Amino acid sequence: AAESAVKLQLTYDLKSGNVVLADVGDVKTSDGGYLPFLDKIIEKNDLVIRDLGYFSIKNFDLLNEKEAFYLSRLKVSTVVYVLNPNPDTFETGNIKKNSEYIKLDLATEAKALKPKEIKDIEVFVGEQKVKTRLILCKLPEEAVAKKLAHQKVVARKKQITISSKSIDLSVVNIYITNVSADILPKENIY
């Protein structure tokens, strides 16, 4: 297949049916480079659905501040934490900062899921520890095989090696969102 020569950036308002942004740019321009402009058009209660090219924990935090909502796949390299159920404390009872959170092992969580099981966990992502919901969806074997095959094609094309973490997590789709479970149940995310 021929390489792309241009990149189309499109932001579409599903509710109104209007195109909010349409821009043709250089294929080498990062999707994330559009975030500062896109952030200016976000309003309270908007739902932002973006692909991994726009993944930015800082941006998710900004959406929280604007009282907007997001749904995104999780970048495999993202550090995920949960609250430590038994943190160390000072004599005063205050929690020692370095023991408030513990890293969540996503590979272990993924392996523990039964086929087609969906798990919803309150987590904190990145070094900023942005609070969010993490949804793990165990994939059927056929989908895992297809996902691994696609990863191999991309790795070969980019001349990179697939990380063992990516291979371990190929058995699940992983999403993050700040939409509450009563509005968006985990069964509706897959």
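I first looked up lysine 44, which forms a salt bridge (a side-chain nitrogen of Lys or Arg within 4 Å of a carboxyl oxygen of Asp or Glu) with glutamate 67, the closest N and O atoms lying 3.4 Å apart. I noted that this pair links distant parts of the chain, 23 residues apart: lysine 44 sits in the loop between helix H1 (35-40) and strand E3 (47-49), and glutamate 67 in the loop between helix H2 (57-65) and strand E4 (69-73). Helices (H or I, at least four residues) and strands (E, at least two) are DSSP runs, numbered from the N terminus.

The model is predicted: local features need pLDDT of at least 70, side-chain atom pairs count only at pLDDT 80 or more, and totals for chains, interfaces and linings use all residues. Residues are numbered from 1 along each chain as its sequence is written, and side-chain values use heavy atoms, with hydrogens and water left out.

I then checked accessibility, where buried means under 20% relative accessible area, exposed over 50%, and partly exposed in between (1.4 Å probe, protein chains only). Lysine 44 is exposed at 52%, and glutamate 67 is partly exposed at 46%.

Next I looked up arginine 133, whose side chain meets that of aspartate 120 in a salt bridge of 2.5 Å, N to O. Arginine 133 belongs to strand E8 (residues 130-138) and aspartate 120 to strand E7 (residues 118-125), 13 residues apart. Arginine 133 is buried at 10%, whereas aspartate 120 is partly exposed at 29%.

I also recorded a salt bridge between glutamate 122 and lysine 131, with 3.7 Å between the closest N and O atoms. Glutamate 122 is partly exposed at 44%, and lysine 131 is partly exposed at 48%.

My count of salt bridges by this rule is four.
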